[in-house]
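Dear colleague,

I am handing over the structure below, and after it you will find an account of what turned up when I went through it. Please read the account with the coordinates open beside you.

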Amino acid sequence: MATEKQKKAELLARDKDEALLGRRLIDLDTICSKKRDVVFTGFLSEAEQAYCEMLFHTLDSNVKFMGGYDNAQRCVAVLFWEDVYELDENELPYKALKIEYSQKVSHRDVLGSILGLGIERSAVGDILVWDDRCYVFVTNQMCQYISQNLFKIGRQTVNVSEIPVSEVEIPELQTKLISATVASLRLDSVVGEGFRLSREDAKNAVQRGLVSLNHRIIETASHSVAQNDVISLRGKGKIVISAIGNESKKGRIHIEILCYL
């Protein structure tokens, strides 16, 4: 059975890294089924979550993603054997750290300092940066180690403390809604409208592998999109197709695009 699942994981994988992730996920799924217990991955990127969700849907396994707050980018995959399972706060697979400093730092500064301790990327979730503090979601196993060993970010000394997840300050999500019409629901057409690019530039961006659809790179400009699809353009941000309306008298399709600022 495990071999059969491994084959499915490899067929769905785009590259060697995803195939390796697939093998790890299958191992966790097997543990979950045998022990009838809840198991967790480390923090996954959005692309890894998309692969994970696709794999477990194929296997008809139960999985949910949790990152500490709504719309978290990096999340832990929670595998459970029952159809419905809710975690108590003391069962969460991650903790929250508050890091205080005197001079504002960047997301890159914080992540680099944490990884510089020898921490794997999968142990670190989202990093929410404010002017004199930031909040970092980390796996339970690494929380104490980071809090006891992170003394500096760049050249400045910082203070690190564990806090309840419920006390993390979540920045308000900044968005705007665009109404547009497209000749068809081609990926390049929607990319052009959502990111204010010419049709040719949008097509080139897709063909160069700069565009992700639902967190997976798509290089076919004519690929069809649907309502609620998430589209990212490297270096430009993310949009969501929030609504698809009727055709106009000229045959163009009305769409609404939610742009993340």
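I begin with the cysteines, where the sulfur of Cys 134 lies 13 Å from the closest cysteine sulfur, that of Cys 143, which is too far for a bond. Please keep in mind throughout that this is a predicted model. A disulfide is a covalent bond between the sulfur atoms of two cysteines, and the cut-off applied here asks for a pair of cysteine sulfur atoms within 2.5 Å. The structure as a whole holds zero disulfides.

The aromatic side chains come next, and the structure holds three aromatic pairs. In one of them, the ring centres of Phe 43 and Tyr 94 are 6.1 Å apart and the planes stand at 35 degrees, so the pair is classed as tilted. This pair links distant parts of the chain, since Phe 43 sits in strand E1 while Tyr 94 belongs to strand E4 (residues 94–100), 51 residues apart. Phe 43 is buried at a relative accessible area of 1%, and Tyr 94 is buried too, at 5%. In another, the rings of Tyr 69 and Phe 137 have centres 5.9 Å apart and planes at 25 degrees, so that pair counts as stacked. Here again distant parts of the chain are linked, with Tyr 69 in the loop between E2 and E3 and Phe 137 in strand E6 (residues 133–139), 68 residues apart. Phe 137 is buried, with a relative accessibility of 0%. Taken together, ring pairs join Phe 43, Tyr 69, Tyr 94 and Phe 137 into a cluster.

Which residues does Tyr 69 touch, once those up to four places away in sequence are set aside? They are Asp 126, Leu 128, Phe 137 and Ile 170. With Asp 126 there is also a polar contact between the two side chains, at 2.6 Å. For orientation along the chain, the C-alpha atoms of Tyr 69 and Lys 238 are separated by 19 Å, although the two residues are 169 apart in sequence.

Turning to the sheets, an open sheet of three strands runs in the order E1-E3-E2 with antiparallel pairing. Its edge strands, each pairing on one side only, are E1 (39–44) and E2 (62–66), and the twist from one strand to the next averages 20 degrees. Helix H2 (residues 16–35) packs on this sheet, where it touches E1 and E3, and its direction makes about 155 degrees with that of E1. Between E2 and strand E3 (residues 75–80) the antiparallel pairing extends over five bridges, and within it Asn 62 stands opposite Phe 80 of E3.

There is also an open sheet of six strands, in the order E10-E15-E14-E13-E11-E12, again with antiparallel pairing. The edge strands in that case are E10 (175–182) and E12 (216–217), each of which pairs on one side only. Strand E11 (residues 211–213) and strand E13 (residues 230–233) run antiparallel and are joined by three bridges, with Val 211 standing opposite Leu 233 in E13.

Terms used: Residues are numbered from 1 along each chain as its sequence is written. This is a predicted model: local features need pLDDT of at least 70, side-chain atom pairs count only at pLDDT 80 or more; totals for chains, interfaces and linings use all residues. Side-chain values use heavy atoms; hydrogens and water are left out. Two strands pair if DSSP finds at least two bridges between them. Helices (H or I, at least four residues) and strands (E, at least two) are DSSP runs, numbered from the N terminus. Axes are lines fitted to C-alpha atoms, for helices over the stretch in contact, and angles run from 0 to 180 degrees between N-to-C directions. Contact means heavy atoms within 4.5 Å. A polar contact is a pair of N or O atoms within 3.5 Å; within protein, one must be able to donate a hydrogen and the other to accept it, and residues adjacent in sequence count only if both atoms are side-chain atoms. Rings of Phe, Tyr and Trp (its six-membered ring) pair if their centres lie within 6.5 Å; planes under 30 degrees apart count as stacked, over 60 as edge-to-face and the rest as tilted. Buried means under 20% relative accessible area, exposed over 50%, partly exposed in between (1.4 Å probe, protein chains only).
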